Amino acid sequence: MSDSYQDQRDSSSRSSDAGLDLQQFHQTFFEEAAENLQRMEQLLLALDPTAVDDETLNAIFRVAHSIKGGAATFGFSEVAELSHEMETLLDRLRRHELAPTPPMVDVLLRGGDALWGQLSFRQGQSPESPSTQALVADIRQLARLSNAPTVPDPTPSVADVPVRKPVAAGQRELEVRIGPLQHGGGANHLHELFEEIPGLGEMRPLDFGEAVDGMRRFSVTTGCTDSELLDLFSFHVDRKLVHLSVLGLGYGFHDGNPGAPSEEVQKAVANAALAPSLPSAAPVAPTTRSGGAGASVDATTLRVSVDKVDQLINLVGELVITQAMLIQSSRALDPVAHQALLSSISLVERNSRDLQDAVMSIRMIPMSAVFSRFPRMLRDLSGKLGKQVELVTIGEATELDKGLVEKITDPLTHLVRNSCDHGIELPQVRTQSGKTAHGTITLSAWHQGGSVVIEVRDDGKGLSREKLLSKARERGLPAPDSLTDTQVWNLIFEPGFSTAEVVTDVSGRGVGMDVVKKNITGLGGRVEIDSAPGCGMSVKVRLPLTLAIMDGMSIAVRDEVYILPMASVVESDLVGPDSIRSLGSGARVAKVREDYLPVVDLAELLGSPAAEGQPAPGIMVIVESEGLRAALLVDELVGQQQVVVKNLETHFRRIPDVSGATILGNGKVALILDVGTLVGRR
């Protein structure tokens, strides 16, 4: 363990001894570290060892440095030690003392995984911290390699010489002494740590070589008061070890003073002063405390707990229900006598809709949050299977409700693994069939009506109809040859169904696709499969945009009121004498202009057939889902309103053709119809 790292651990422990409670900052550190680790993984996966970009290496280094500094500050010694070893390797890479190689990328990715595990342990999410002895040994071994020539420069650089600059108005220049410290060699490390203190000002080390008295000295040009400076420094070291004084001519600038520059350095300064002036280099952007690659502190953002957002959405839902009650009650009022009241209710309705849109947008996050985890998974999986796989993502900016994003991650992970394992062929097999050696898996997301469609497509071997039918018959499933292709593809969703010949740690146990369908169906979505032998396979997942609030059309069927999602309603029309025709099979179709649409009588379907002498439904509502249309027969169109969606399965049980329930303005419960299953009854 290096002295600089030990210094940081000592300073961290002294902060704790001083009584400063750092636990209040733990959650912020964990969140920033998670963002940094995700960023590091993305950069490492995009790193091409044959064409290295210096900015990419610097960005990865900054991430490791930020995690190390925060972990050491809070006393997370195992996290700081591992990130310090990674930082050492990255430092040699960015200085071009080493050339990046695939094993280096692999070991840094393993280091990121280990940091995830250590942080999970610190948060109480994992029972134990992962062992990193072998990993640290591997990192150190790679960091000791020498595959790039280095030329040592025995003469100190002029840039290392402290040069005093004019002090701007409103600022002052102070000497800050930290210590005495028990271990030497930590001046540069403390300098890097203090540089990240926001609002401190410009800080320069005054030490040249080892400080014999155990003190670390810095000059600080700042506008802060003494008490503010002490508070800033005390975040990292014990307040008793911080000493402030006016910076005079003594320390570090004249012969005979502690830390004074050597004779060689003074000659270098003199020569630089006589040399002709050169154009100044572009300024280097300072490292931000957030530590993200190229990240900057955005003062317009605020971290808010998800629980608080959910509570806000629930309150908005109650407001929508209350608003519906007001509108229901206002219908009985005389519009002339109560014009002012009705205008106020209309204004409340408009404002509550704007509020609902704003609140719902808080929970909407881009699909890139899901897509970003697949490049690493495919890299590891393809290496294990001996395959070459390229991942293409489309529509990463498409937004979906955060609750849905969290629940869709595992099903999508299985679909991607399934495409890599079962779909993409080995390189030699692909070249023999005239394909490229590498396969392609495409992840796409887009909005369609009131839904989000997520597609996982591969250009592999596709599904074999004969093989699926044979496997189904072996398991005793009904599988006649008359099944359509879609019905055959859907056999893979049967519990325990698998086409793998050998059970491996990747697949073959038949416990995947049935769980995928169950989870997606539980979210109010559906799965569609399309495949062509030798060309590949496509799996589309359709999900509602949100599970909270939506626009709905209220319809009356006999004595009950139901809700249709407005995103699925195309139009409505009166049922004429020749509008509906019967077919020989007993089915009925409705003629809408030049098209014939299947008819769904909601009264019969929902168990409320017309009694003798009761008039037949006089209105048909044309609905559309997944490109298919149907005509729903209803008795009355009640109106359009926002509804708060409640999950029936949580409070009752799943009902066919129903996707949820809501509370109407009169306090009654109304069922929300599932247009997808209604249209599928054709």
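User: In this predicted model, which residue has its charged end over the ring of F61?

Analyst: The model is a predicted one, and a charge counts as sitting over a ring if CZ of Arg is within 6 Å of the ring centre and within 35 degrees of the ring normal. Over the ring of F61 there is such a charged end, 3.6 Å from the centre of that ring, and it belongs to R94.

User: How are the planes of F29 and F30 arranged: stacked, edge-to-face or tilted?

Analyst: By the rule for ring pairs, the count comes to three aromatic pairs. In one of them, the ring centres of F29 and F30 lie 5.8 Å apart, and because their planes stand at 50°, the pair is tilted.

User: How many residues apart in sequence are the parts that the pair of F29 and F76 ties together?

Analyst: F29 and F76 form a tilted aromatic pair, at 5.8 Å centre to centre and with 45° between the planes. F29 belongs to helix α2 (residues 26-46), whereas F76 lies in the loop between α3 (54-73) and α4 (77-94), so the parts tied together are separated in sequence by 47 residues.

User: Are F29 and F76 buried or exposed?

Analyst: F29 and F76 belong, with F30, to one aromatic cluster. F29 and F30 are both buried, and for the pair of F29 and F76 the state is likewise buried.

User: Is V669 buried or exposed?

Analyst: V669 has its place in strand β22 (residues 669-673), and together with M325 and I663 it forms a nonpolar surface patch with about 240 Å² of accessible area. Because its relative accessibility is 59%, V669 counts as exposed.

Technical notes
Residues are numbered from 1 along each chain as its sequence is written. This is a predicted model: local features need pLDDT of at least 70, side-chain atom pairs count only at pLDDT 80 or more; totals for chains, interfaces and linings use all residues. Side-chain values use heavy atoms; hydrogens and water are left out. Patches are made of residues with over 30% relative accessible area and no salt bridge: like charges are joined within 9 Å, nonpolar side chains (Val, Leu, Ile, Met, Phe, Trp, Tyr) within 5 Å. Accessible areas come from the Shrake-Rupley method with a 1.4 Å probe; for residues, only the protein chains shown count as cover. A salt bridge is a side-chain nitrogen of Lys or Arg within 4 Å of a carboxyl oxygen of Asp or Glu. Helices (H or I, at least four residues) and strands (E, at least two) are DSSP runs, numbered from the N terminus. Buried means under 20% relative accessible area, exposed over 50%, partly exposed in between (1.4 Å probe, protein chains only). Rings of Phe, Tyr and Trp (its six-membered ring) pair if their centres lie within 6.5 Å; planes under 30 degrees apart count as stacked, over 60 as edge-to-face and the rest as tilted.
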